[in-house]
Structures are given as C-alpha cells and as structure tokens.
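Visitor: Could you take me through a few local features of this model, one question at a time?

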Amino acid sequence: MTSDYFKATIFEPKYDTPKDREVLKRTYWKYPPATEPHTHEIDPIEHPRAAVVLAWKQEEVIILEDIKAEMRKGTQSRWEDLWVGQNQEYESMVCIPLTKGVPKSSSREFIGVLTIDTNREKYFKDNSDYKAFLTNLIQPYRVFLAWLYEFEKDQNLLLKLLQ
C-alpha cells in the first residue's frame with residue numbers, strides 16, 4: 001500500500017536559445033525521500049493546455065481537483081501528460097503563479113509557478129470559495145518567495161558590480 005504524499009515544484013520562465021523562446025524550467029522541488037521529479041522543462045508551445053502553463057500565461061491559480069476527470073474534458077482539459085503515464089501518478093494538483101508588483105501595471109513581474117500535487121483524490125477543490133481560501137492562505141508565501149527572488153537578483157547584481 002502506497003502512503004499519501006505531497007510534492008512541490010517551482011518552474012521559472014527562462015529563455016531557451018535553441019527554441020528561441022521562453023520555456024518553464026524547474027528550479028526547485030520538494031519530493032518525498034528517494035523520489036525526484038521527471039519534468040525538467042515545459043515548453044508552452046508543445047503543452048499549451050498544461051495547468052502549469054495556464055497558470056503562467058493567465059496569471060491565475062489553476063486547481064485540478066480530479067486529474068483523471070480533467071483528462072476526460074478533451075480540448076477543454078487543463079491537464080496534459082508531460083511524459084508517458086504521468087497522470088497515473090497524480091490525483092489532485094494546484095498551480096499557483098508567483099508574481100511581484102501591482103497587477104496590470106508595468107511594475108508587474110512574473111517570477112514562476114509553484115505546483116503542489118498529491119496522490120490524494122480530490123484533495124484540492126475546484127470552486128470559487130476554495131480558490132479564494134487557498135489564495136489567501138498562500139499569499140504570505142507568495143510574497144516571501146517574491147522577496148527571495150528579488151533578494152537573489154539584487155545579490156547577483158551586486159556581485160557583478162564588484163567583479
């Protein structure tokens with residue numbers, strides 16, 4: 001019997017020179033012991049309906065309550081297997097865009113997407129009340145992650161200036 005687990009990743013937009021466009025690259029992850037993510041990069045052209053891509057492009061929280069049911073939606077599905085059989089290892093998932101700056105302003109900057117998934121069936125709920133609850137719950141962490149990215153960027157700039 002497999003125990004319940006949660007996994008988390010952060011994907012950041014990075015410019016891919018051979019493809020001549022931005023792709024999402026996995027930069028951080030937290031998985032159960034002795035496991036590691038399969039997905040290193042997500043190309044939005046190849047996987048336009050993937051939940052993580054939709055969270056990036058729409059800058060909104062995407063909740064997949066039941067991934068198997070989501071797959072049955074055909075062209076309206078917000079799930080795409082990024083590798084063969086991926087859906088067999090997932091039940092419920094949330095993709096949270098990480099941004100900083102004022103919405104719909106020139107100061108707005110997209111940082112990445114935080115994904116949290118579980119093998120628990122229907123753990124995350126895809127309704128407006130739950131989405132509002134989850135958004136409020138995760139907001140301090142989104143702010144903290146944005147601050148960490150800003151700190152890292154400032155630190156890298158300082159190191160370049162000192163060279």
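Guide: Please keep in mind throughout that the model is predicted.

Visitor: Is histidine 47 buried, partly exposed or exposed?

Guide: Histidine 47 sits in the loop that runs between strand E3 (41–42) and helix H1 (51–58). Its relative accessible area is 16%, and a residue under 20% is classed as buried. Histidine 47 is therefore buried.

Visitor: What separation do the C-alpha atoms of histidine 47 and glutamate 80 have?

Guide: Leaving aside neighbours within four places in sequence, the contacts of histidine 47 are Ile42, Val53, Glu80, Asp81 and Leu82. Histidine 47 and glutamate 80 are 33 residues apart along the chain, and the separation of their C-alpha atoms is 6.7 Å.

Visitor: Which element gives the most residues to the largest nonpolar core?

Guide: The largest nonpolar core has 21 residues, and Val52 and Cys95 are those with the most contacts inside it. At least two residues of this core come from each of H1, strand E4 (62–64), strand E5 (92–100) and strand E6 (109–118). The element that gives the most, with six residues, is H1.

Visitor: Does phenylalanine 144 count as buried, partly exposed or exposed?

Guide: Phenylalanine 144 is placed in helix H3 (residues 128–162), and together with Trp147, Leu148 and Phe151 it makes a nonpolar surface patch of about 430 Å². Its relative accessibility is 46%, a value that falls between the 20% limit for buried and the 50% limit for exposed. Phenylalanine 144 therefore counts as partly exposed.

Key: Residues are numbered from 1 along each chain as its sequence is written. This is a predicted model: local features need pLDDT of at least 70, side-chain atom pairs count only at pLDDT 80 or more; totals for chains, interfaces and linings use all residues. Side-chain values use heavy atoms; hydrogens and water are left out. Helices (H or I, at least four residues) and strands (E, at least two) are DSSP runs, numbered from the N terminus. Buried means under 20% relative accessible area, exposed over 50%, partly exposed in between (1.4 Å probe, protein chains only). Contact means heavy atoms within 4.5 Å. Patches are made of residues with over 30% relative accessible area and no salt bridge: like charges are joined within 9 Å, nonpolar side chains (Val, Leu, Ile, Met, Phe, Trp, Tyr) within 5 Å. Accessible areas come from the Shrake-Rupley method with a 1.4 Å probe; for residues, only the protein chains shown count as cover. A salt bridge is a side-chain nitrogen of Lys or Arg within 4 Å of a carboxyl oxygen of Asp or Glu. A nonpolar core is a set of buried Ala, Val, Leu, Ile, Met, Phe, Trp, Tyr and Cys residues joined through side-chain atoms within 4.5 Å.
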